[in-house]
Amino acid sequence: MKVSQRTVRLELTEPLRISRSTMAARDAVWLTLEHDGHRGYGEAVTSTYYGLDAATLSRLLNGTARELARCAGPESALDALRAGDLPAPGTPAAVTAAVESALLDLVGKRAGRPVHRLLGSTGAPRAATARTLGITSCRAAAERADRLARQGFSVLKLKAGAPDPEDDLDRVRAVRRAVPHARLLLDPNGAWTPALAAALLPRYADLGIEAVEQPLAPGDPEALARLAARSPLPVIADEDAVGLDDARRLAGRVHGINVKLAKCGGVTAALRIADLIAGSGTELMLGCLTASSLGLAPAVHLADRAQWVDLDGHLLLAHDPWTGIGGTDGTVQAGRQPGLGVRPMGSGAPPGKAATGPGAPGGTAPETLRGAEAAQ
């Protein structure tokens, strides 16, 4: 297989503020695998929360390229990845997810089948996706919520964790008045103490919040489980549920687990988590980082398996370089074309700067991360 990569800058339409940071842009590294005239694509995005900048992602993807070169073809490489034989131990989950994405895309194209068919689903999954609203003024939040509802969004996720908890409550009230029939999720990104969470959750339940993500600071899953046991509304683990071991620890003890492919290690890892929690009383939520349609596409092929779908990262971008999963009307849908079903906007090849290093074509050095980043 021929392996190449490109690094591009993804600018947001407007900065996204959460409890711990504000993000205006992030870098994406695109991996291209080519074999017998077919190309498969994957994306890894930078994250200060997970300690991954563009140069690190590029270096790790180059190392994985050398491992892929030892495989007879994309099908055997995908089998090796599913068996845990590649990439190398210690490879960050985001890199593994990008490699698996490119392999699934390539294998699907070679077989003439969309990825969801490779995973056992017959129909193309489609689901209403949540649309994220950052921490902002009550008026701005209400106006944006009304506009999104008119576009077709039925689920909104409000970020919380302002210095004054009453500001968050006022913003939720304003949104509730603007869109009284919308489903509302809340995400403090770990900003609350157990005592504050215990005081706030009943108030949010009275406002009709459907579920709350990671209300407590990550690092103490037992505290999160104790909170969930007495919470008047569902508690979803996010930062405290990274991989399979975390899911095993929390299964049946929280109401949901937010699975992000870049966090758990890709489609195979996500399916293992879904199988683990099935029937436990813990539901699956599919989440994402802010990324392009390419980065979100693998998760969209799993969308029919989740109770909550939060796959709007591409909708936050000023310009999405890829297309094929929809979402602007509040619904994401997997493509029916072979592979991931996404394509570059306006050209037949991924745009952006070429990355340098082993396994990649010559070009300018990858861009480095600039500005604050939020693990949305």
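Is Gln214 buried or exposed? Gln214 has 0% relative accessibility, so Gln214 counts as buried; the term means under 20% relative accessible area, with exposed meaning over 50% and partly exposed in between, for a 1.4 Å probe and protein chains only.

Before continuing, a word on the source: this is a predicted model, in which local features need pLDDT of at least 70, side-chain atom pairs count only at pLDDT 80 or more, and totals for chains, interfaces and linings use all residues. Residues are numbered from 1 along each chain as its sequence is written, and side-chain values use heavy atoms, with hydrogens and water left out.

Gln214 lies in the loop between strand 8 (209–213) and helix 8 (221–230). Helices (H or I, at least four residues) and strands (E, at least two) are DSSP runs, numbered from the N terminus. The phi of Gln214 is positive, near 35 degrees, in a residue other than glycine. Asn189 also has a positive phi, near 50 degrees. Asn189 sits in the loop between strand 7 (183–187) and helix 7 (194–206), and is buried at a relative accessible area of 4%.

I turn now to helix 2 and helix 3. Helix 2 (residues 74–82) packs against helix 3 (residues 93–111) at an angle of about 140 degrees, and their axes are 9 Å apart. Helix 2 is therefore oblique to helix 3; angles under 35 degrees count as roughly parallel, over 145 as roughly antiparallel, 65 to 115 as roughly perpendicular and the rest as oblique. Axes here are lines fitted to C-alpha atoms, for helices over the stretch in contact, and angles run from 0 to 180 degrees between N-to-C directions. Among the residues of helix 2 that meet helix 3 are Leu78 and Leu81, where contact means heavy atoms within 4.5 Å.

The loop between helix 2 and helix 3 holds Pro87. A cis peptide bond joins Leu86 to Pro87, with omega about -5 degrees. Pro87 is touched by Thr64, which also touches Val95 and Val99, not counting residues up to four places away in sequence. Thr64 belongs to helix 1 (residues 54–68) and counts as buried because its relative accessibility is 2%.

Finally, helix 5. Its buried residues are Ala141, Ala142, Arg144, Ala145 and Leu148. These pack against strand 1 (2–17), strand 5 (131–133), strand 6 (155–159) and helix 6 (165–178). The face turned away from that buried side carries the exposed residues Arg139 and Arg150. After helix 5 comes Gly152, with a positive phi near 120 degrees.
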